Amino acid sequence: MKWTRRDLLKGLGGLPILGAVWWAGASTTVGKRRARSAILEQLNIQPSLPPAVPGISGDPVRVGIIGFGIRGEQLCRSLGFATKEWTEDMKLEVQENPNNKGLEDFMNQEKLNVHLAGVCDIFDYRAEKALRSFGTDDNKIKRYSTYQEMINSGEIDAVVIATPDHWHAPMAIYALNNGVHVYVEKPMTHTVAETYELRKAAQNSEAVFIVGHQHRQTLSFGTARDIINKGTLGHVSLIQTNTNRNDDNGAWNYEIMEEASPTTIDWQQFLGSAPQIPFNKNHFFRWRKWWAYGSGLSGDLLTHDYDRLNCVLNMGIPESVMASGGVYAHNDGRNVPDVMQVNMEFPNFSTGSSQVKGKEKGMTFCYSATLGNGFNRPTILMGHDGTMELGNRLTIWPDGGSTRYATMLEEGKMSPGVPIYQYNPGANSPDAVSSATSQYFADKGLMWTYIDGKRVDSTFLHMREWLSAIKNGGKVSCGIKEGFEEAIAAHMAGLSWKLGKRIEWDTQTETIKPIEGINFDEVLLSNEMVRTDFIRVS
Amino acid sequence: MEKNPKIEISVTILRVLIGWHFLYEGIVKMYNPDWTAFGYLASAQGPFKSIFTAMANESIIGWVDTLNMVALIVVGVTLLLGIFEKVGALVGIGLLGMYYLSHPPFPGLTQLNVEGNYWLVNKNLIEIAALVLLFYFPTGHKFGIKNVRKQNLVSNEMD
């Protein structure tokens, strides 16, 4: 046989092309990976591991729920108890939207060693709903007409408090003084004085106390803490965090139920220490809109954002707070603002510095909220070396003026517009959330976290941690120290808005610096705007 | 069919270009251990959505990824070298058919991760048609290892 060069070229001409394409693909891919791992090695960020808690063994913990409204029902689901109505509703939801994983997640939730033994709700309809839904042969449940009766019954080991804000502290203190464990919703207290009383009660009690900031269980926040501690962002001088909601539910205009009447609601017990007014359905169902029972944006939603950051940075109580805002989006008789800006100053706080010693110190935490627009403004931590967006996902961009990354930026290995790190524990789990309000919470990492790519309700993890501490001892992630800081920060913001003044914290004496002629708690509880230099809202 | 040299050269060029395209896609995936088709499959749309979503299942996604990568390289190598090109064309048609059906450019469906605008016809479908042509119009004997084997056969006959 004899081959000409022409034959050979025609026969094997494809080989060099194959080699070239192979080489190009391999070298580009490997090169990209090398550049990426060089950056990652330098950052050395350790994604946090799922929380491990000792099991809740032995006799089931006998839990009583105080307040079985919207949040109370959610908390019971986290404990493993869903109402029949909710299960039916969710089945219909799934038919409409197969991506809705609410029911599936609930069914897959690990069973906690809990006996839901009591319910205390002053609205007959809700108390009966709980009895109807949870009372089985395996789970005997009893209704108590007052929280004292429930706590004194000797049949309840632990209470979950999901009432209007003005009842949080009185109930928590009473339970702690009687050795009953407490899970209390945020804000921890309604007044400044209560905050100190509750702290004292928690410190003196053997019972386990936890504040319901469930986002402390979110895995990404643990990772964010590692990122900050490693100096990835450098000195953070500004934090920007926001609330943006634009729907009835988000503006606290909840459904007013037909079943409500002076005969089905113990109105006097609802009011408690609040101003004595005649029966009012609007106040009962939409209590978050009045200072007498609620705490407005500063107590209701700022607390989420403040505690999220306090969980990551541990920056404590701000040295001063200034707030402004008004009722601009829902002029419907409410007296808590629906647009609010709060600036908290931390002049002595630092996340570390990549520059000469002493150049960088101090930080402002800027909270901006409106209930009249739903555009998603993410939480941003702004450091000299980088910027971090904080939510269930984390993204970090290097800063163009960074000292730490100067060389890498110069060599083109980093670019200010291109993230150097992204953490998305839920990358493999497409989410479907049903309402605008739940989207708001989900974006912030307040509703669930991801463990091994699976979605887990963070309130469930928070409850599990509390129950485990009850059985086995150990610390909870949002105890009285964290709750105290959250409550004081929220009250300082509320006071500043109401007074139109800067409110200062004395770190030495751990008190809010007094203002002559002003009783802070009277101001906080007042349904009137106290300031005279601004519009009057009543 | 009458073989027109101009057509033969054109089809050969088409074969090399398609082979190049498949090979590069396969190689990039081979050298990137983090690559996975998960996101692509999980976001599938259209009438066969459930089949593709099922392929994204944790238990089989590893196999799906490997098969996809191997198939891409097989198509690339056969078309570039001009050997078993009919098999390569068929495998390529199969792969592209799945890509087309998992994210079909049908009216009413959101087009994810696409540049350009498509209605029923997209680049996957056009490449499928080109592969059908390659299947019925092999050129390996002109430019490719088949050419060598052909010479071999001829020389054997002469012995």
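## A helix pair in chain B

Helices here are DSSP runs of H or I with at least four residues, strands are DSSP runs of E with at least two, and both are numbered from the N terminus. Everything below describes a predicted model, in which local features need pLDDT of at least 70 and side-chain atom pairs count only at pLDDT 80 or more, while totals for chains, interfaces and linings use all residues. Residues are numbered from 1 along each chain as its sequence is written, and chains are lettered from A and ligands numbered from 1 in the order in which they are written.

Two packed helices are described by the angle between their axes and the distance between the axes. For α4 (residues 61-81) and α5 (residues 85-102) of chain B, the axes come within 8 Å and cross at roughly 145 degrees. Axes are lines fitted to C-alpha atoms, for helices over the stretch in contact, and angles run from 0 to 180 degrees between N-to-C directions. On the α4(B) side the contact is made by A71(B), L72(B), V74(B), V75(B), T78(B) and L79(B), and α5(B) answers with E85(B), V87(B), G88(B), V91(B), G92(B) and L95(B). Residues are in contact if their C-beta atoms, placed from the backbone, lie within 7 Å. Sorted by class, this α4(B)–α5(B) contact has eight nonpolar, three polar and one charged residues. Nonpolar covers Ala, Val, Leu, Ile, Met, Phe, Trp, Tyr, Cys and Pro; charged covers Asp, Glu, Lys and Arg; the others, Gly among them, are polar.

## Chain B as a whole

Chain B has seven helices and zero strands. Its C-alpha atoms fill a box of roughly 60 × 35 × 20 Å along the principal axes. Of the 159 residues of chain B, 31% count as buried; a residue is buried if 20 or more other C-beta atoms lie within 10 Å of its own, exposed if 12 or fewer, and partly exposed in between, with C-beta atoms placed from the backbone. Among the chain B contacts with a separation of 6 or more, 71% join residues 24 or more positions apart.

## The sheets of chain A

Chain A has 19 helices and 18 strands, and 45% of its 538 residues are buried. One open sheet of six strands, with parallel pairing, has the order β3-β2-β1-β4-β5-β6. Strands pair if DSSP finds at least two bridges between them. At the edges stand β3 (142-143) and β6 (209-211) of chain A, each with a single partner strand, so one side of each is left without a neighbour in the sheet. Helix α6 (residues 124-134) of chain A packs on this sheet and touches β1 (61-66), β2 (114-120) and β3 of chain A, its direction making about 155 degrees with that of β2(A).

Within this sheet, β1(A) is mostly covered, with five of its six residues buried. Six bridges join β1(A) to β2(A) in parallel, and V61(A) has V114(A) as its bridge partner in β2(A). With strand β4 (residues 158-161) of chain A, β1(A) pairs in the parallel sense over four bridges; there G64(A) stands opposite V159(A). Strand β5 (residues 181-184) of chain A is joined to β6(A) by three bridges, also running parallel, and V182(A) has F209(A) as its bridge partner in β6(A).

Another open sheet in chain A has ten strands in the order β14-β13-β12-β11-β7-β10-β9-β8-β17-β18, with mixed pairing. Its edge strands, β14 (421-423) and β18 (511-512) of chain A, each pair on one side only. Strands β8 (residues 320-326) and β17 (residues 503-506) of chain A pair in the antiparallel sense over two bridges, and in β17(A) the bridge partner of V321(A) is I503(A).

## Where the chains meet

At the interface, 21 residues of chain A are in contact with 23 residues of chain B. On the chain A side, the elements that give two or more residues are α1 (5-12) and α2 (14-43), and the largest share, twelve residues, comes from α2(A). The chain A residues that touch chain B divide into twelve nonpolar, six polar and three charged.

## Confidence

The predictor gives the complex an ipTM of 0.89 and a pTM of 0.82. Chain B has a mean pLDDT of 88, with 91% of its residues at 70 or more; pLDDT is the predictor's confidence in each residue, from 0 to 100. Over residues 155-159 of chain B, pLDDT stays under 50, and the model has one contact beyond four places in sequence for them. Where pLDDT is low, the predicted coordinates should not be read in detail.

Methods: Two residues are in contact if their C-beta atoms, placed from the backbone, lie within 7 Å.
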